Each structure stands twice: as C-alpha cells, then as structure tokens.
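The exercises below are meant to be worked through with the sequence and the coordinates at hand.

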Amino acid sequence: AGSVVRVHQGRLWMNDKTDNNRLHYSPIADVEKWNGVGDSGALDISPGDGDPDGITGFFSFKNQLFVGKRNRLYRVIGDSPETYEIKLVSTTLGMSGPNSVAYEDDRDVYFISTKGVHSIAVTDKYGDFDGEFVSSDIQLTWVEDINQSRLKFCWATYVPSLNSLMFSLSDSSVATSSRNNVLYLYNIPYKAWYRWPGIDAQSLAMVADSDGARPYFGSSIGILRKGQTGSPTTDSVNIE
C-alpha cells in the first residue's frame with residue numbers, strides 16, 4: 001500500500017504506507033512484479049535516523065534517486081539492486097511533500113522543504129550535488145505568511161512560457177488558509193519572485209494541449225481550470 005510512485009532507471013518506485021522508511025521497486029519495464037519477484041525488492045532508508053515522518057517524497061535526477069524526509073535528504077546511487085547504495089545528502093533540509101518538486105527540463109530540480117525552496121545543481125568539478133537556497137529573498141514572507149502546517153500539501157511545476165517555477169501554497173492571512181489559495185512564482189533567469197493571490201489550486205500539472213503546453217489547476221470544488229492568456233473565465237486562470 002503506497003501513496004507516491006515515481007519512475008527511476010526504468011523501474012517503478014513506491015513508498016510503503018505501513019513502513020514509512022521503506023521504498024519498493026519493480027523490475028525494469030515490469031510494473032506488476034514486487035516483493036522480490038524477479039529482481040524487484042525494497043530499500044530501507046535509514047530507519048533509525050530519528051526523522052519523525054519517514055519518507056515524504058522522492059524524485060529521480062541525473063540517474064540518481066533523491067529521497068526526502070522532513071529534515072533529511074538522501075540519494076540512492078547505483079544501477080542495479082546489487083549496486084544500490086544509500087548516501088546522506090543533508091541533515092538540515094528535506095522535502096515537505098510528494099508534489100513539492102519541479103523539474104526545469106533536464107537542467108535542474110527545485111523542491112520545497114520546511115525552510116523554503118531549494119535547487120539541486122550538478123557540480124561538475126566534484127561530480128556531486130549541492131542544494132542551493134533560492135527563496136532567501138522572500139524568507140520573512142515565507143515564515144510569516146505561508147501556512148507552514150500545510151506545506152505537505154503544496155504543489156510545484158515549471159512553466160516554460162513564463163521561465164518560472166510555480167508553487168501552490170496556503171496564505172495564512174486569509175480565511176481560505178485551510179487550502180492552497182496563492183501561487184508563488186520564481187523567474188529563473190531574473191532570480192526574482194512574484195505572487196498571484198486568490199488562486200484556488202489544490203493541484204498543478206503542465207499539460208501539452210494541441211496549441212501548446214500550459215498549467216492546469218485542480219480546484220477545491222471539483223473544477224479543473226486551464227491557464228491561458230487573456231481574460232479569465234469560469235474554467236480558466238489568467239497566467240499573463
């Protein structure tokens with residue numbers, strides 16, 4: 001019984017809701033075999049590390065699987081079950097939730113922790129990874145205005161037409177703070193933040209429509225809205 005599924009190295013990886021430190025993986029290109037059938041199996045991600053929530057999310061980048069807990073970040077290196085090895089990346093930041101990750105194509109990955117927004121950048125000199133803190137300019141806003149208890153419900157995506165990352169969060173200063181009600185966007189080329197209040201986005205996804213890719217927003221009242229330029233309608237959100 002899992003709640004998060006990702007593809008990594010041709011395998012399907014899934015968490016375990018009854019053992020919150022365990023990751024299961026299927027054989028390559030065979031998603032119906034688990035629990036040791038074929039070369040499927042499981043990895044226990046440092047169950048004795050004292051992190052209170054266990055695995056909160058994970059993502060694949062540059063042939064490595066990054067696994068987040070509330071306050072820790074790990075990575076799984078290796079190309080097969082025989083060579084898988086778990087490495088500790090950070091003891092001070094983790095992942096807030098399973099949908100708090102946004103890919104900037106294949107160049108970088110951004111994710112939300114309890115401390116803010118970070119990127120994982122490749123450091124060619126050392127052949128290693130380093131986390132960059134990208135929300136430092138809005139740190140006071142992040143602490144005072146964002147409902148920290150709902151970070152596990154945040155969503156993230158990358159919008160190429162805006163050259164921006166998009167994060168759906170909860171503004172604690174308004175009556176609708178019990179759900180995602182604001183979008184924070186980060187323009188990557190300019191390294192600048194901007195904010196769209198009053199957006200009901202309980203989920204986010206980039207969708208390739210016939211006339212181009214655009215973000216879609218799942219609302220709290222069961223309506224799916226698409227992002228478009230021009231005047232907003234009942235089924236759309238203006239993203240100019």
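**Exercise 1: the setting of Ser 26**

Ser 26 has a relative accessible area of 0% and is buried, in a model that is predicted.

Task: Determine where Ser 26 is placed, and which residues Ser 26 is in contact with once its neighbours within four places in sequence are left aside.

Solution: Begin with the secondary structure, where Ser 26 falls in the loop between strand E3 (22-25) and strand E4 (41-44). Then list the contacts beyond four places in sequence, which for Ser 26 are Arg 11, Leu 12, Val 31, Lys 33, Trp 34 and Ser 40. Finally, compare the relative accessible area of 0% with the cut-off: buried means under 20%, so Ser 26 is classed as buried.

**Exercise 2: an open sheet**

Task: State in which order the four strands of the open sheet are arranged, and which strands stand at the edges.

Solution: The four strands follow the order E5-E6-E7-E8, with antiparallel pairing. Strand E5 (57-61) and strand E8 (85-90) each have a single partner strand, so one side of each is left without a neighbour in the sheet. Neighbouring strands of this sheet are turned against each other by 25° on average, direction ignored. Within the sheet, strand E6 (residues 64-68) and strand E7 (residues 73-77) pair over four bridges, and Val 67 has Tyr 74 in E7 as its bridge partner.

**Exercise 3: Ala 192**

Task: Decide whether Ala 192 is buried, partly exposed or exposed.

Solution: Locate Ala 192 in strand E16 (residues 192-197). Its relative accessible area is 33%, so Ala 192 is partly exposed. Beyond four places in sequence, Ala 192 touches Leu 185, Tyr 186 and Asn 187.

Methods:
Residues numbered from 1 in each chain as written. Predicted model: local features only at pLDDT ≥ 70, side-chain atom pairs only at ≥ 80, totals over all residues. Heavy atoms only, no water. Helix = DSSP H or I, 4+ residues; strand = E, 2+ residues; numbered from the N terminus. Buried < 20%, exposed > 50% of the residue type's maximum accessible area, 1.4 Å probe, protein only. Contact = heavy atoms within 4.5 Å. Pairing = 2+ DSSP bridges. Axes fitted to C-alpha atoms, helices over the stretch in contact; angles between N-to-C directions.
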